[in-house]
Amino acid sequence: RLDSPAVTESFKLRLTRFYHLVSALYDPQRGYGADYFIAASDSVQDGLFVPLYLKIVLPLTQQLARPLHRKYAAISLTKTLTHSEKFAVRYVKGWGLTCQTLINLLDSAPLPVVDDTLIIEQDVDDLSFGVGFTPLNTCKPQPKDMWPEIIDIKAWVGNFYKEADRAHQGKLMKWAS
């Protein structure tokens with residue numbers, strides 16, 4: 001159940017980022033994209049995709065705070081709108097909501113993240129040097145941009161949509177109406 005206390009905000013944000021990564025990696029030969037995610041989630045339970053998408057992915061997309069995550073979400077939503085005929089035909093209401101989410105994502109700043117993690121107070125003596133392993137935050141690998149050629153995401157979305165509409169002989173305009 002999606003409203004269960006076991007489903008934390010952290011899990012929901014990770015699921016949202018995972019959806020956007022899979023969807024942004026659209027490739028019919030390798031099987032990625034929105035259609036792949038729909039088929040995989042519906043194979044777990046018939047109709048599971050709809051509540052996942054409507055109650056988790058779309059609402060939490062606006063909460064993505066890191067620029068790279070927001071970029072992936074914009075790419076994902078654009079590819080979902082342009083390359084997923086199953087999505088457009090089967091989820092007509094979702095197509096409009098996805099379009100609105102993409103517009104909001106491109107126009108506004110991220111919403112504040114609601115963090116439900118428990119912060120445990122630590123004693124200063126417990127945080128001192130010891131025989132245990134202490135990870136160094138400065139040694140973390142930097143995130144890698146999978147689409148470094150996309151610099152202006154708004155211009156990319158517009159151009160990608162126009163090219164996809166031409167490639168689909170105007171189907172996208174019909175889906176939008």
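My entries on one helix pair and the salt bridges follow.

I'm working from a predicted model, where local features need pLDDT of at least 70 and side-chain atom pairs count only at pLDDT 80 or more, while totals for chains, interfaces and linings use all residues. Residues are numbered from 1 along each chain as its sequence is written, and side-chain values use heavy atoms, with hydrogens and water left out.

**Entry 1, helix packing.** I looked up α3 (residues 49–61) against α6 (residues 92–107) and got an angle of about 20°, with the axes 9 Å apart. That makes α3 roughly parallel to α6 (angles under 35 degrees count as roughly parallel). Axes here are lines fitted to C-alpha atoms over the stretch in contact, and angles run from 0 to 180 degrees between N-to-C directions. Helices are DSSP runs (H or I, at least four residues), numbered from the N terminus.

Who makes the contact (heavy atoms within 4.5 Å)? From α3 I noted Tyr53, Leu54, Leu58 and Thr61, and from α6 Gly94, Leu97, Thr98, Thr101 and Leu105.

How many salt bridges does the structure hold? I found 3, each salt bridge being a side-chain nitrogen of Lys or Arg within 4 Å of a carboxyl oxygen of Asp or Glu. For burial I used under 20% relative accessible area as buried, over 50% as exposed and in between as partly exposed (1.4 Å probe, protein chains only).

- Glu9 and Lys12 pair at 3.9 Å, N to O. They sit 3 residues apart in α1 (residues 9–24), so about one helical turn separates them. Glu9 counts as buried at 18%, and Lys12 is buried too at 16%.
- Arg90 and Asp42 pair at 3.3 Å, N to O. This pair links distant parts of the chain, with Arg90 in α5 (residues 85–90) and Asp42 in α2 (residues 34–44), 48 residues apart. Arg90 is exposed at 51%, but Asp42 is buried at 13%.
- Asp145 and Lys71 pair at 2.6 Å, N to O. Asp145 lies in the loop between α6 and α7 (153–167) and Lys71 in α4 (residues 67–83), so the pair ties together parts 74 residues apart in sequence. Asp145 is partly exposed at 24%, and Lys71 is buried at 12%.

Conventions: Helix = DSSP H or I, 4+ residues; strand = E, 2+ residues; numbered from the N terminus. Parallel < 35°, antiparallel > 145°, perpendicular 65-115°, else oblique. Contact = heavy atoms within 4.5 Å.
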